[in-house]
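This briefing concerns a pocket and a helix packing. Please consult the sequence and the model while reading.

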Amino acid sequence: MTVQDFERFQLQPFILEALREIKFTKPTEIQERLIPSIQRGESAIGQSQTGTGKTHAYLLPIINKIDPAKQEVQAVITAPTRELATQIHKEIVKISKFSIDNPITAKLFVGGTDKVRAIEKLKTQPHIVVGTPGRINDLIKEQALQVYTADQIVVDEADLMLDMGFIEDVDQIASRMPENLQILVFSATIPEKLKPFLKKYMENPRYTHVAPEQATAAKVEHILIPLRHRNKINLLKSMLEVYNPYLAIIFTNTKKMADEVADRLIEKGLKVGRIHGDLPPRERKKVMKQINSLEFQYVVATDLAARGIDIEGVSHVINYELPSDLDFYIHRVGRTARAGNSGIAASIYELSDEDALARLEKMGVTFVNMDLEKGELTKIGERNKRKERKKQVDEIDKMAQSKVKKPKEVKPGYKKKMNREMEDFKKRQRRLKRK
Ligand code: ADP
Ligand code: MG
């Protein structure tokens, strides 16, 4: 296997060796477009859908630029959740472990871990710092961590940073760094509210937006299944039986619902993992490990817990509930069909979801309508067919009434005659419509 396409970035041999090992043969589009400008030292905003390889778009140039001879922090990478930071750290190690002659060090600092031990870990400053903004900021204030030597900072999943209120911490970290700071911001969406922050730190950032061809990865099949009057847990269980997924993530909107769904599935004898914000850090870490070693076929998750996490081999995303913020539909579905694989996203919906579904369709999602009966999935007609058919009938009725005039002089039996004429007219119209 070659990594020829990566060679033009003039990466160091150990990085190319690592890429061979992790089987990256050619850069993704966002990597292709951003790596050269990051290498030129430009600040950048990278916006692309989930699963398009944003992590390595910044990791490769950052690792490549580290001077191992200087035992000081040269890059700070921030991420909104512990899992995400842990994952980024892991990706760094997969590459840095090839830097045998002049080892590059990266250290992870996240909340919910022992701070005294973190401070101890900082007796020598690492080359790269990865972590959640709160903890990093804390360690800077404790004067355990020195970031003034670093001229690169990454803000990954910036929109979520904003949602979770971490932008302030990022801001404080950045304010301790040199003036000519290179800021690299990554996100699937760039909300308006993020712009003041971007403006403050970036003079002429290079903005790279890799527009999705469709709202989500092309190889996802979006399936809708109506709840109708069924028991939701039973319907979910039947879906899981029919799909028999390699690995399915079942999304709920709240921690409470995640627990409820997980408990009910476990009662029914399924092996289910759960991941949400209320789990203690140690437990979350354990579950992530179990998920990645495929101990579960099913994982119940909430949005915040699942954002940005790269769980390998997710074959099915199931929306037990549609998210109220529809951007999350895109993020959820982004868990499957990563890096060129295909996947299925199946959502259970109710009549009240109609508006949301229409908006998703406007965002470019194409749904396949299916139903599950007697353990079998079958395609059904369009969701709003019934509504449309009714509209058509109403229209024909109106037309018929206007065409068939009430006679001026009312003779006996006129009503019957009018009705007959109306029926004839309607029949003709329906026949026309059918053609
Ligand atoms: P994003 O941050 O855009 O959501 P990630 O950086 O998490 O995406 O990457 C998604 C998946 O694609 C990961 O499993 C990653 O290892 C893989 N990947 C990234 N770049 C490449 C590449 N050039 N070739 C093959 N796989 C890649
Ligand atoms: Mg990412």
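The model is predicted: local features need pLDDT of at least 70, side-chain atom pairs count only at pLDDT 80 or more, and totals for chains, interfaces and linings use all residues. Residues are numbered from 1 along each chain as its sequence is written, and side-chain values use heavy atoms, with hydrogens and water left out.

**Second largest pocket**

- The second largest pocket holds about 940 Å³ of space (on a 1 Å grid over the protein atoms alone, a pocket is an open set of points where a 1.4 Å probe fits, with protein on both sides within 12 Å along at least five of seven lines; the volume is the space filled by probe spheres set on the points, which are joined across faces, edges and corners).
- Its lining (residues with an atom within 4 Å of a point) comprises 27 residues, with Thr 86, Leu 108, Val 110, Thr 113 and Lys 285 nearest the centre.
- Helix 13 (281-292) gives at least two lining residues, as do helix 5 (82-96), helix 6 (115-121) and strand 3 (106-109) (DSSP runs numbered from the N terminus: helices H or I, at least four residues; strands E, at least two).
- Helix 13 supplies the largest share, eight residues.

**Helix 11 and helix 12**

- Helix 11 (residues 232-243) packs against helix 12 (residues 255-267) at an angle of about 65°, the axes lying 11 Å apart (axes are lines fitted to C-alpha atoms over the stretch in contact; angles run from 0 to 180 degrees between N-to-C directions).
- Ile 233, Leu 236 and Leu 240 of helix 11 meet Val 261, Arg 264 and Leu 265 of helix 12 (contact: heavy atoms within 4.5 Å).
- This contact has five nonpolar residues, one charged and no polar.

Definitions and conventions:
Chains lettered and ligands numbered in written order. Nonpolar A, V, L, I, M, F, W, Y, C, P; charged D, E, K, R; others polar.
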